[in-house]
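Subject: Structure handover

Hello,

Here is the structure for your files. Please open it alongside this note. My findings follow below.

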Amino acid sequence: MAHEVSYRNVKHPRLEFRTGELLLVLPFDRNPDTVLEKHKVWVRRKKVFIEECLKNSSNKEIIDRTDEELRDLVHFYIEEASEELGVRVNKIFFRRMKTKWASCSTRRNLTVNTLMKHLPDGLIEYVIFHEATHLIEKKHNDRFWKMVSKKFDNSDELEKDLFAYWFLIQDNNV
């Protein structure tokens, strides 16, 4: 499989599929072939998932929404999720992010990728609820996914849609 290797001052190897291409982030003393062999099942599974998402991205529509409309929508959904989950977000920041739709910090701050303005309302609602759930459970473990699936029983499909939109938006240089 074609891949790129980046040697860095890290303790543990990391495999990333950012835009459909495999990147191995390795400590200076690590052999890429050994890491690929160890994780070949994961790599194959992820590649199939990405190909499926790319195929599904062709029937998605990029939404044209202003930054202000995105802010209003995010604030609406965070109020809704906060009430439903019994949590409180400290601050909300908006910026363009390279690898994720949003993130939640240990200080209870939510950072929202401004590219989310191109997503349908339902996916924005899902991302915000997902991040608000991290205020209760930090990791993507069974407890986390049980909380998310109480509201979104189709979270697997929504995750695929988010992935498809990621490629669609990147390909259209939005």
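Helices (H or I, at least four residues) and strands (E, at least two) are DSSP runs, numbered from the N terminus. This is a predicted model, where local features need pLDDT of at least 70, side-chain atom pairs count only at pLDDT 80 or more, and totals for chains, interfaces and linings use all residues. Residues are numbered from 1 along each chain as its sequence is written, and side-chain values use heavy atoms, with hydrogens and water left out.

Salt bridges

A salt bridge here is a side-chain nitrogen of Lys or Arg within 4 Å of a carboxyl oxygen of Asp or Glu. The count by this rule is 11. Glu52 pairs with Lys160, with the closest N and O atoms 3.3 Å apart. Glu52 sits in helix H2 and Lys160 in helix H6, so this pair ties together parts 108 residues apart in sequence. Lys160 also bridges to Glu157, at 3.8 Å between the closest N and O atoms. Those two are 3 residues apart in helix H6, about one helical turn.

Lys60 and Asp161 form another bridge, at 2.9 Å from N to O. Lys60 lies in the loop between H2 and helix H3 (67-85) and Asp161 in helix H6, so the pair joins parts 101 residues apart in sequence.

Largest pocket

A pocket is an open set of points on a 1 Å grid over the protein atoms alone, where a 1.4 Å probe fits, with protein on both sides within 12 Å along at least five of seven lines; lining residues have an atom within 4 Å of a point. The largest has a volume of about 1100 Å³. Its lining has 31 residues, and those closest to the centre are Thr99, Lys100, His140, Glu159 and Phe163. Helix H6 gives the most, with 5 residues.

Two single residues

Buried means under 20% relative accessible area, exposed over 50%, partly exposed in between (1.4 Å probe, protein chains only). Contact means heavy atoms within 4.5 Å.

Thr111 is in strand S6 (residues 110-113). Thr111 is buried, at 14% relative accessibility. Beyond four places in sequence, its contacts include Phe93, Trp101 and Ser103.

His12 is in the loop between strand S1 (3-7) and strand S2 (14-17). His12 is exposed, at 59%. Outside four places in sequence, His12 contacts Val25 and Pro27.

Best wishes

Conventions:
Grid points are joined across faces, edges and corners, and a volume is the space filled by probe spheres set on the points.
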